[in-house]
Amino acid sequence: MSNPVENIRVAIRCRGFNEKERKAGDKCIFSVENEGVCLVNPENPTDVHRFGFDHVFGPEAQQHELWDQVGKPALDKAFAGFNTTIFAYGQTGSGKTFSMQGVQGGADGELAGIIPRMNEALFARVGAETAANPDIHFLVTCSYFEIYNEVVYDLLDPDNRKNKGAGLEIREHTVLGIYVKGLQEMVVDTPKKLQALIDQGMASRTVGSTAMNDTSSRSHSVLSVKLHQRDASDAARSTFAKLNLVDLAGSERQKSTGAAGARLREGANINKSLSALGNVINALVEVAKGRKVFVPYRNSKLTRVLQESLGGNSLTAMLAAVSPAACNFAETLSTLQYASRAKAIQLRAVKNEEASQVCMHMMK
Ligand SMILES: Nc1ncnc2c1ncn2[C@@H]1O[C@H](COP(=O)(O)OP(=O)(O)OP(=O)(O)O)[C@@H](O)[C@H]1O
């Protein structure tokens with residue numbers, strides 16, 4: 001694989017009706033059509049919106065299908081030395097965290113989302129490759145942070161969490177790219193250790209109850225797993241890859257969330273950063289058409305952190321989560337429009353051989 005030019009891959013996932021929607025006897029306005037979706041305006045049945053996507057997962061789709069189509073290809077690319085990103089976008093309560101993290105328990109862990117599956121598959125592959133070739137050495141590190149009210153907090157550093165207000169700075173390195181200064185970078189060598197850090201980070205994440213979701217994520221979270229591969233017999237084949245797994249805070253209309261006070265302020269910040277993301281997506285669509293336009297990455301912490309994932313050195317998949325219920329028509333339409341625009345973004349990922357040379361110092 002060498003320097004592919006790829007569009008962002010966009011997947012849609014529609015959950016089933018939740019308790020509230022079922023009790024209200026709400027109508028289903030979403031249907032799957034081949035690799036596309038159809039959304040009908042409940043107020044006007046002739047107002048029909050059709051969109052095509054790379055993958056569509058209906059309410060009956062299982063977590064392992066999402067892993068096969070979206071998670072595993074990203075992991076394969078990381079092993080080939082490419083930065084990869086998966087980010088979940090969608091209305092609050094639409095199933096972003098369910099898709100990314102899933103639910104613990106259930107028979108054979110079938111409710112596990114992309115992140116725990118990624119963890120297990122990553123170390124299974126590290127074990128298999130090391131067994132097949134003793135010259136290959138791996139180093140896996142991870143960091144986990146959230147952006148809450150436009151401030152970056154380290155989810156793996158309890159002191160940083162206690163000291164709310166003093167956030168971390170986002171910086172840029174000529175070889176390693178965008179990074180968060182002072183963020184803890186933990187070395188992990190078993191899936192158990194990585195899962196313990198993920199659980200620790202999840203427990204620290206800012207969550208609040210809104211009218212739309214009892215445990216709504218009020219921050220954007222970024223789990224970043226770095227995979228360093230060193231080939232002792234051929235240094236030129238050493239690589240580095242960053243795997244970013246991003247669970248965005250839910251987009252929402254203030255009216256539908258019943259927000260007030262802190263929730264209202266959070267909501268305003270969430271909407272501000274998601275609209276900054278929308279503006280970056282719009283600009284990148286113009287760039288893909290060959291137009292020279294300014295891409296406003298610096299307008300929010302979120303877009304700055306996602307800069308490489310959206311328009312730089314990364315192969316990226318967007319997972320847009322939606323509700324099937326008529327009461328969410330406006331939000332679902334807006335998510336589908338947002339996701340549909342993102343499809344046009346082109347990515348130019350480069351195999352990280354140069355960066356790996358820098359990172360090799362960390363392994364010595
Ligand atoms: N595909 C699905 N199958 C079963 N349950 C689901 C599915 N998607 C979401 N849910 C359930 O719906 C509820 C809301 O989902 P989730 O917390 O993932 O939403 P979210 O998009 O992350 O919301 P927020 O932006 O508010 O954090 C949870 O109880 C979750 O378990």
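**View 1. Positions annotated as a binding site in the predicted model.** The UniProt entry, which is unreviewed, lists Gly-90, Gln-91, Thr-92, Gly-93, Ser-94, Gly-95, Lys-96 and Thr-97 under "binding site". The structure shown is a predicted model.

**View 2. The shell of residues around the ligand.** The ligand is surrounded by 19 residues. Gly-95, Thr-97, Ser-216, Ser-217 and Gly-250 are the closest of these. Two elements, α3 (96-100) and β14 (216-217), each supply two or more residues to the shell. Helix α3 makes the largest contribution, with 3 residues. By residue class, the shell comprises 13 polar, 4 nonpolar and 2 charged residues.

View 3. Because 28 other C-beta atoms lie within 10 Å, Ser-94 is classed as buried, the threshold being 20 or more. When neighbours within four places in sequence are left aside, the contacts of Ser-94 are Arg-15, Gly-250, Ala-321, Val-322 and Ser-323. One of these contacts, Gly-250, is also listed among the residues closest to the ligand.

**View 4. Surroundings of Thr-97.** Thr-97 is located in helix α3 and is among the residues closest to the ligand. Thr-97 has 25 C-beta neighbours inside 10 Å and therefore counts as buried. Apart from residues up to four places away in sequence, Thr-97 is in contact with Ser-217 and Asp-247.

How values were computed. Residues numbered from 1 in each chain as written. Predicted model: local features only at pLDDT ≥ 70, side-chain atom pairs only at ≥ 80, totals over all residues. Near = placed C-beta within 6 Å. Helix = DSSP H or I, 4+ residues; strand = E, 2+ residues; numbered from the N terminus. Nonpolar A, V, L, I, M, F, W, Y, C, P; charged D, E, K, R; others polar. UniProt positions renumbered as here; feature names shortened; annotations may be inferred. Buried ≥ 20, exposed ≤ 12 C-beta atoms within 10 Å, placed from the backbone. Contact = placed C-beta atoms within 7 Å.
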